[in-house]
Amino acid sequence: MISEEEARTKILEQAHVRPSRLVPLLQALDCFAARDYFARLPLPNFDNSAMDGYAVVANSCARGKRLRVVGEQPAGLDRQLRVCDGEAVRIFTGAPLPTGADAVVMQEDVTREGEEILLNVDVDLGEFVRRRGCDLGEGQKILVAGERIRAATLALLASQGFGEITVGGEVKASIISTGDELVKFGEQLKPGQIYESNSILLRALLQKCRAIVESVQSCRDDDDSLGQALRLDIKNDVLIINGGVSVGEHDLVQAALRALGAEIDIWRVAIKPGKPFLFGRIGECAVFGLPGNPVSAFVTFLQFVRPAISKMMGATDLDLPKVPAKLLVDLRNDGERPHYIRGKLEDGSFTPVGRQESHALFGLSQSNALLSLAIGESQKRGAIVDVLTWD
Ligand code: AMP
Ligand code: MG
């Protein structure tokens, strides 16, 4: 049995970065930039008005003064107007500032009287003017290779005239769930059977990682159906086999993988839940054998599969977000493996929820954070601990 850190290191060594590709901006959401990007344009790109109002020369203005309106500057077309002392140009939000203007008075702060305005306020230099480059300078780095592309990143790229972006490569994944006891939804449950629920969990988790789920198969605990299912799926980048990786007579996955020529790099990791975890390779396909218990499958996916996929897709930050939280109960790990406690992170506090056993799906469904307790570690109520989040 190896430690979680060793397992992670070995897996990441074997996770090869996929070739990058150029995609339309919208398709890049939640992908990772494959190179650095720099501003082509400053933001704003020209001095402009932050308000609907009047462009003026600030030091010729004072409350009670009248100014002559000498023109109108809408957004979208620079009329190249000029403003002198004692004058004003009617202006709208986003419109280019006329030459000579150094402030904008809000329309709410003036009284319009024919071709004049009466100022109802004093005017400060620079007021309601958005200066060229004040937000972003030309040539400034706007995106770093490996960074996740979020909605606002897309907006920033669009503001620079980019219609496409080079992102990390796609990862194609497949799932095989194993077990004679498993029944698909819609079918009648016979005594001793359960509804198969892990493939949807894993599929959803893969989708959240932006992996492409190419196939989902269910197979029985026999060598033939396992071999058949495996042969179909090893053409993908990632194969997740769920269940059958433990030590029982019906746990046939490891032998079936070896029969196909797989190299098994890892079997059994010191992590609770998730000890029977397996990792190997068949050709270019990274094979993850996740334990069948739902919580074990969930935790090992987050700790081992997710970072591998992220690396393949070109991410630099492979960790789950870590959040400091105040612990609301005493906790102690007397076991022989680091224990991932499922709990609820709410208003900065963490409370364990549900049964802390690897089959306890309800508790998992109520949780939104994991607290890892090292072997022998104890934490008192009120302690500040780091918890991992995924939602
Ligand atoms: P295994 O890892 O195959 O020994 O399975 C461990 C436990 O997880 C057993 O109680 C199985 O019934 C359950 N299990 C295995 N696969 C699934 C699945 N796909 N959906 C729900 N439960 C499962
Ligand atoms: Mg099984």
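Biologist: Which residues of H1 and H6 meet?

Modeller: Glu 4, Ala 7, Arg 8, Ile 11 and Leu 12 in H1 meet Gln 303, Phe 304, Pro 307, Ala 308 and Lys 311 in H6. Contact means heavy atoms within 4.5 Å. By class, this contact has six nonpolar, one polar and three charged residues. Ala, Val, Leu, Ile, Met, Phe, Trp, Tyr, Cys and Pro count as nonpolar; Asp, Glu, Lys and Arg count as charged; the others, Gly among them, are polar.

Biologist: What should I know about the model and its numbering?

Modeller: It is a predicted model: local features need pLDDT of at least 70, side-chain atom pairs count only at pLDDT 80 or more, and totals for chains, interfaces and linings use all residues. Residues are numbered from 1 along each chain as its sequence is written, chains are lettered from A and ligands numbered from 1 in the order in which they are written, and side-chain values use heavy atoms, leaving out hydrogens and water.

Biologist: Why is H1 called roughly parallel to H6?

Modeller: The axes of H1 (residues 4-14) and H6 cross at roughly 30 degrees and come within 10 Å. Angles under 35 degrees count as roughly parallel. Therefore H1 is roughly parallel to H6.

Biologist: What makes H3 roughly parallel to H6?

Modeller: H3 (residues 198-208) and H6 (residues 294-312) pack at about 25 degrees, with axes 11 Å apart. That angle makes H3 roughly parallel to H6. The crossing of H3 past H6 is right-handed. The contact residues divide into ten nonpolar, one polar and no charged.

Biologist: Which residues are closest to ligand 1?

Modeller: Glu 181, Glu 196, Ser 197, Gly 244 and Gly 292 are the closest of the 15 residues that surround ligand 1. Here a residue counts if one of its heavy atoms lies within 4 Å of the ligand.

Biologist: What makes Arg 268 and Pro 273 worth a look?

Modeller: Most residues other than glycine have a negative phi, and most peptide bonds are trans. Arg 268 has phi near 80 degrees, a positive value. The peptide bond from Lys 272 to Pro 273 is cis, with omega near 0 degrees.

Key
Axes fitted to C-alpha atoms, helices over the stretch in contact; angles between N-to-C directions. Helix = DSSP H or I, 4+ residues; strand = E, 2+ residues; numbered from the N terminus. Parallel < 35°, antiparallel > 145°, perpendicular 65-115°, else oblique. Left-handed = near helix turned anticlockwise from the far one by under 90°.
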